[in-house]
Amino acid sequence: DDQIERERASQHLAGGCCALAAVYLMGKFYVANAGDSRAIIIRNGEIIPMSREFTPETERQRLQFLALLRPELLGKEFTHLEFPRRVQPKELGRKMLYRDQNMNGWAYKKIEEDDLKFPLIFGEGKKARMMATIGVTRGLGDHDLKVFSSNIHIKPFLSCFPEVRVYDLTQYEHCPDDVLVLGTDGLWDVTNDKEVAGVVMEVLTSYEPNDPCRYTMVAQELVVRSRGVLKERGWRLANDKLGSGDDISVFVIPLGGPGNYT
């Protein structure tokens with residue numbers, strides 16, 4: 001992240017990206033995630049999450065706490081408090097549900113003038129945005145990102161530090177159908193863990209265990225199914241829902257070789 005900041009002037013580059021990395025070292029997989037990509041292990045049909053997504057919704061309390069400590073970062077345009085919906089001027093003096101950085105549940109408060117500001121976090125799920133600008137809260141870069149038509153910087157709220165999870169391969173016997181799947185949000189926006197596991201097993205069983213291309217074919221199938229088919233109403237999945245409009249990158253990494261089959 002520091003290197004991107006140093007080079008952005010000389011390289012004339014702006015923007016940022018999420019990062020998901022898997023490192024194999026001395027019998028263990030270390031999976032590090034900063035952003036909204038995802039990694040899962042599929043072992044004997046069981047799904048083992050190896051990451052979690054970092055979004056304004058999942059990191060609400062961290063963001064609110066930072067805003068509470070450094071209110072100058074909000075530029076007098078945002079409030080660190082969260083409300084179920086945008087507060088309207090006509091609701092001044094009334095009571096409305098809210099939550100702050102210390103609350104998991106909701107409570108009532110009397111609406112004051114300061115509550116009319118735009119909420120730091122607005123929206124739910126994939127539509128949640130921080131400062132109405134960005135949908136991820138960890139990653140690399142974005143040093144120059146600002147709120148639209150303002151001088152408020154987003155970067156102080158973005159973290160480049162990943163969460164790391166460790167998987168010890170020496171604790172289990174792995175067969176050639178056991179894999180680690182790494183995918184960008186373009187995959188997971190339209191496909192859940194169970195569906196991915198289903199595709200993995202479906203494709204792997206159609207190849208011989210010692211065929212190395214079987215894992216590439218799984219990754220290709222996951223990309224193709226997530227994009228869908230181009231129709232008159234856009235890209236559509238098999239169930240006629242919208243396909244992913246985001247970039248889709250997938251790695252399928254085997255955890256066991258043919259000699260491990262029992």
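Analyst: The UniProt record, in an unreviewed entry, lists residues 1-255 as "domain: PPM-type phosphatase". In this predicted model, the chain over residues 1-255 is 20% helix and 26% strand, with its end C-alpha atoms 31 Å apart.

The part to look at is an open sheet of 4 strands, which follow one another in the order S5-S4-S14-S17 with antiparallel pairing. Strand S5 (46-49) and strand S17 (250-254) stand at the edges and have a single partner strand each, so one side of each is left without a neighbour in the sheet. On average, neighbouring strands of this sheet are turned by 20 degrees against each other, if direction is ignored. Strand S4 (residues 38-43) is joined to S5 by 4 bridges, and in this pair Ile41 stands opposite Ile48.

Helix H5 (residues 213-227), in turn, lies across S14 and S17 and runs at about 150 degrees to S17.

In soluble globular proteins, nonpolar side chains tend to be buried together. Here the largest nonpolar core has 19 residues, and among those with the most contacts inside it are Val181, Val196, Leu222 and Val252. The elements that give two or more residues to this core include S4, S14, H4, H5 and S17, and the largest share, 6 residues, comes from H4. Leaving aside neighbours within four places in sequence, Leu222 is in contact with residues including Val181, Val196, Val250 and Val252.

How values were computed:
Residues are numbered from 1 along each chain as its sequence is written. This is a predicted model: local features need pLDDT of at least 70, side-chain atom pairs count only at pLDDT 80 or more; totals for chains, interfaces and linings use all residues. Side-chain values use heavy atoms; hydrogens and water are left out. Two strands pair if DSSP finds at least two bridges between them. Axes are lines fitted to C-alpha atoms, for helices over the stretch in contact, and angles run from 0 to 180 degrees between N-to-C directions. Contact means heavy atoms within 4.5 Å. UniProt positions are given in the numbering used here, feature names are shortened, and annotations may be inferred rather than shown by experiment. A nonpolar core is a set of buried Ala, Val, Leu, Ile, Met, Phe, Trp, Tyr and Cys residues joined through side-chain atoms within 4.5 Å. Buried means under 20% relative accessible area, exposed over 50%, partly exposed in between (1.4 Å probe, protein chains only).
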